[in-house]
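Morning, everyone. I have one structure to show you, and I'll keep it short.

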Amino acid sequence: MTLLALDSVARGYPMRRGWLGRAVMVHAVDGVSLEVSAGRTLGVVGESGCGKSTTGRLALGLETPDSGTVTFAGAAMPPPGGAAWRALRAQMQLVPQDPLGALDRRLPVARQIAEPLVIHGIGDAGERADRVATLLASVGLRPDQAARHPHALSGGQRQRAVLARALAAGPALLVCDEPVSALDVSIQAQIVNLLTDLQESHGIAMLFISHDLRVVRQVSHEVAVMYLGRVIERGDPDAIFTDPAHPYSRALVAAIPGGSKPHAILAGDPPNPADRPAGCAFHPRCPVVVARCRAETPTLDVRADGRAVACHLARG
Amino acid sequence: MGLTVVPSASPLIRISGLSVAFNGTPALLGIDLTVGAGETLGLVGESGCGKSVTWLAVLGLLPNSATVGGSATLDGRELVGAPASVLERVRGGRVAMIFQDPASALNPVHRIGRQVSEAVTLHRGLSGGAATAEALRLLDEVGIPDARNRMTAYPHEMSGGQNQRVMIATALAGRPELLIADEPTTALDVTIQAQILDLLRRLQREHGMALVLISHDLGVVAEMCERVCVMYAGRIVEEAQAGALFAGPRHPYTTGLMGALPPLTGPRLRLTAIPGRVPEPWAMPPGCAFAPRCPKRIEACDVSVPNLRGEDRRVACIRAAA
Ligand SMILES: Nc1ncnc2c1ncn2[C@@H]1O[C@H](COP(=O)(O)OP(=O)(O)O)[C@@H](O)[C@H]1O
Ligand SMILES: Nc1ncnc2c1ncn2[C@@H]1O[C@H](COP(=O)(O)OP(=O)(O)O)[C@@H](O)[C@H]1O
Ligand SMILES: [Mg+2]
Ligand SMILES: [Mg+2]
């Protein structure tokens, strides 16, 4: 069952180039369609600036798309700030990269974990205390740790606290935006395991955003690769990791440190979203570019094997 | 990997019993390691284990709050406690260091050409047109496209990857015998990381310089290094040739780090996360610092700190075969 659907959503920001330059439109997200099924994880990968976080904010209804639609549980996303939108917060939650920034430095974390229960009027004081205790246990925090302020916790413990708060109101969807990127590898593994455990026990769906392909492979049921505001490949994680179809996906997989290196290193810098190349946006860096790529933008088409690829040469 | 590289009689750098404390709180608890001419040594471990402090101590770059003990010699000459004039000549000369964040290491108000030519002047005594010409050659060598025109660019006009290339050009200005690269690609996208690692590999091959690569990323180290030291809580806990280390880690911490890294192939099993967290420097366990998190812990582990045992392969664990 589809829980979250983005249909051709686009979001641009005006950006001034230099001090005197005129404002140009940065097309952060430029026609993205994706679906997340209940209880499943869609991983979103791509280089910085490709629009992953903007996609996450659009999915949560924290921003309104310039065009296209966001549908959650079969209903259109209500405009931000209204009563319907606020009620939806219990259903969908963000898990950000920086837990310290997401927590209130002045309050013990247990209080903050209880906050969504208060906001959504869930339970009485006693029931809330029980619920907080359950949440703490499920994310692996001790009560004495939860009594501390955020700065008195380690990075991993803070991320556990943020997770407990995100889970408080029993959401159906978590948008995890680089949730383990700031953590050391041993702690990262703890949180990755916790996320998969929580998904199993609570049936939560996840939009899992990360630049780390190893982590994305570990947690995802499906993967979308983004480049310059668009999804350029989508499919089964193992298929994409062992046999990437888009030349950009091939370059990404080849660049994973410690992986096998069947493909050449990609030349050039990541592109500027304010200066999108004509045709296929990847063509200036593409090792297999042909004339058509400079003129014609490839659409994301589903191949016979079920993989969706936006490349003139990888139709399969 | 096959053949073990026997370190030559006199390594380029020999560090023995190096310790560092900040205002009395120990950060480095006795490091022994050598770097041979032309070799690539990886230093891995989680944040705060002392990777950076080791080399900042060797190069005399720590603040006054740091107390440094032990020894670090360059071709037999002591660097710990050496006069500032000696250290200044070594830094950027025979030993150069680059960091994670090139944008903050570069001067934001100076053009990049000037920054590289100043390093050339400082370490090679060239000036004027000769220094500028050498700066241009270096920028070209590190792969700055259209280097002649980019000489006049400011760091903010360059991408993160290009700024790291400029940093590397600056480091090369003194023709170092050893380049210490401290998380040089951590802030970069993976495709750019691959470019910078490739550049480091090429430069090392062409110049025959030694490279110490500090990284928290096992994959990066596996790909780049001949020999690897794994650090934990201010000590080296395992040292081996890279191939041997990744084929069969002996310290439970190294095993734990590898199990925590999600694989790229095969079934997706639960990661074997290391429980708990690194001890605080002011609350170090009495015995092995890893014991509280270790699946192989026995009572003896809590009695004393295990020595780093072994010859070409060293491990600091009483439960491991050396
Ligand atoms: N609030 C904003 N105002 C202006 N530009 C923005 C804003 N949010 C994102 N952008 C721009 O949109 C592009 C995509 O950003 P983002 O979604 O954060 O990418 P990612 O998360 O993949 O790194 C970037 O060029 C970024 O600078
Ligand atoms: N200037 C400093 N003052 C006080 N403590 C420091 C300083 N620099 C590093 N430390 C401490 O020394 C330890 C080792 O740090 P470092 O070598 O930077 O770790 P890493 O392995 O991440 O490079 C850490 O506990 C750190 O907090
Ligand atoms: Mg982002
Ligand atoms: Mg460091």
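An oxygen atom of ligand 2 sits 3.0 Å from a polar backbone atom of Gly50(B). This is a predicted model, so please keep that in mind. For Gly48(B), a backbone N or O atom is 2.7 Å from an oxygen atom of ligand 2. For Cys49(B), the corresponding distance is 3.3 Å. On its own, ligand 2 exposes 560 Å², and the protein buries 61% of that.

Now the shell. Around ligand 2 we find, among others, Phe22(B), Ala27(B), Glu46(B), Lys51(B) and Pro63(B). By type, the shell holds five nonpolar, four polar and two charged residues. Which element gives the largest share of it? That is helix 1 of chain B, residues 51–58, with three residues.

Over to chain A and its sheet. Four strands form an open sheet in the order 2-1-4-5, with antiparallel pairing. Why is one side of strand 2 and of strand 5 left without a neighbour in the sheet? Strand 2 (23–37) and strand 5 (75–76) of chain A stand at the edges, so each has a single partner strand.

Strand 1 of chain A, residues 2–16, pairs with strand 2 of chain A over 12 bridges, in the antiparallel sense. Within chain A, Gly12(A) stands opposite His27(A) of strand 2.

Last item: the helix on that sheet. Helix 1 of chain A, residues 52–59, packs there and touches strand 1, strand 2 and strand 4 (67–72) of chain A. Its direction makes about 125 degrees with that of strand 1 of chain A.

Conventions
Residues numbered from 1 in each chain as written. Chains lettered and ligands numbered in written order. Predicted model: local features only at pLDDT ≥ 70, side-chain atom pairs only at ≥ 80, totals over all residues. Heavy atoms only, no water. Near = heavy atom within 4 Å. Polar contact = N/O pair within 3.5 Å; in protein donor to acceptor, adjacent residues only side chain to side chain. Areas by Shrake-Rupley, 256 points an atom, 1.4 Å probe, with all protein chains shown as cover. Helix = DSSP H or I, 4+ residues; strand = E, 2+ residues; numbered from the N terminus. Nonpolar A, V, L, I, M, F, W, Y, C, P; charged D, E, K, R; others polar. Pairing = 2+ DSSP bridges. Contact = heavy atoms within 4.5 Å. Axes fitted to C-alpha atoms, helices over the stretch in contact; angles between N-to-C directions.
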